[in-house]
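Thanks for coming. I would like to walk through the strand pairing in one structure, so please look at the screen.

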Amino acid sequence: MRRTLLPAASLPAAVGLLLLTACGTEHQGAAAPGAVPSAAQDCGAGGDTGTAAGTGSPDVEEVVIVGTGTRPVAGRTFPCATYSVTNRGTEPRTYTITLDFLSAETGAGLAMPKETVRDVAPGRTVRRTVTPEDISPDAAAGQAHAKVLTVRSVPVAEEPSRGGACPSTGVRVYADDGDAAMGLRVVGLHLENCGTRPYRIEGYPRVELLDEAHERVDGVSVLEGGDAIATGTGADGAPERLVLAPGEHARAGLVWRNTVDGVTGAPVNAPYARVWARPGAAPVTVTPEFDLGTTGKLGVGPWKRAEKEREGAGAARPGGR
């Protein structure tokens, strides 16, 4: 076990900076897990789609930009990028990748699409093409660079769930987008009984912080109650014994500050939290993107019954904050 200290502005090493002019037939996001489509489906097909300086080596990095260019969509021209995802682990994983499109002429940011590639088997490579269409007509007409900003992955067996088929556990667990104000962070953990039997929970969820390498972060105090960090967050109060009927919800809060005092060491950043809803429950890995500064503290509130309408108010994303 080790404590991992990461600079607050650290980015994944997989950064692509290819600039190409040719582009293939539109086929965005069509590749099945484990499949590698033909070059004709790639953005940049017909040009140099190999790895170049600054792109990242496919033998080392999990996500690599393999081609950029432009393609016509509905009478307009948009930049596009093809990237590959390689699972170098030992279990199937779901990847969330944030890309950054930059104008080749001015360097201005054009779009930051977020891509999800699910169920990539160990040792397999999946290739996808993304064409962001939320770009102004003037900016979209020119060439663009593309680079990888962040790569996050969770084991498929521990992937958060908000919709679709109910997990075999009978419950969904996920994190919302959270709220931040003046250095205070509050992220909600949500639990829904989507099964057919009552689900009993009591007290606090168990939370374990993980670094970018998915190793446990030691040296951080996980405290019971959000009021151990700040009051008025809704993550305080006495723990309760809850029995959730099918369709009912519960919520617990994660509270921390990103204060840096410059004395007690380097800031701690931990993208992931492994969460156990109750003792013996199957873990779920969410991605709150903890920026704990040098505080070394995380407050975890007790489970509280929540209305379904309130669950949907926080624009949550699977595995996100």
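Let me start with a question: which residue in β2 is the bridge partner of T68? It is A81. Before going further, note that this is a predicted model, where local features need pLDDT of at least 70, side-chain atom pairs count only at pLDDT 80 or more, and totals for chains, interfaces and linings use all residues. Residues are numbered from 1 along each chain as its sequence is written, and side-chain values use heavy atoms, with hydrogens and water left out.

Now the sheet around that pair. Strands here are DSSP runs of E, at least two residues, numbered from the N terminus. Two of them count as paired if DSSP finds at least two bridges between them. β1 and β2, the latter covering residues 76–86, are joined by ten bridges in the antiparallel sense. They belong to an open sheet of three strands, ordered β1-β2-β6, with antiparallel pairing. At the edges are β1 (63–73) and β6 (125–130), each of which pairs on one side only. From one strand to the next, the twist averages 20°. For angles, axes are lines fitted to C-alpha atoms, and values run from 0 to 180 degrees between N-to-C directions.

On to another sheet. This open sheet has three strands in the order β12-β17-β18, and its pairing is antiparallel. Its edge strands are β12 (206–210) and β18 (284–286), each pairing on one side only. Neighbouring strands in this sheet are turned by 25° against each other on average, direction ignored. Between β12 and β17 (residues 272–276) there are five bridges, in the antiparallel sense. Opposite R206 stands W276 in β17.

Key
Helices (H or I, at least four residues) and strands (E, at least two) are DSSP runs, numbered from the N terminus.
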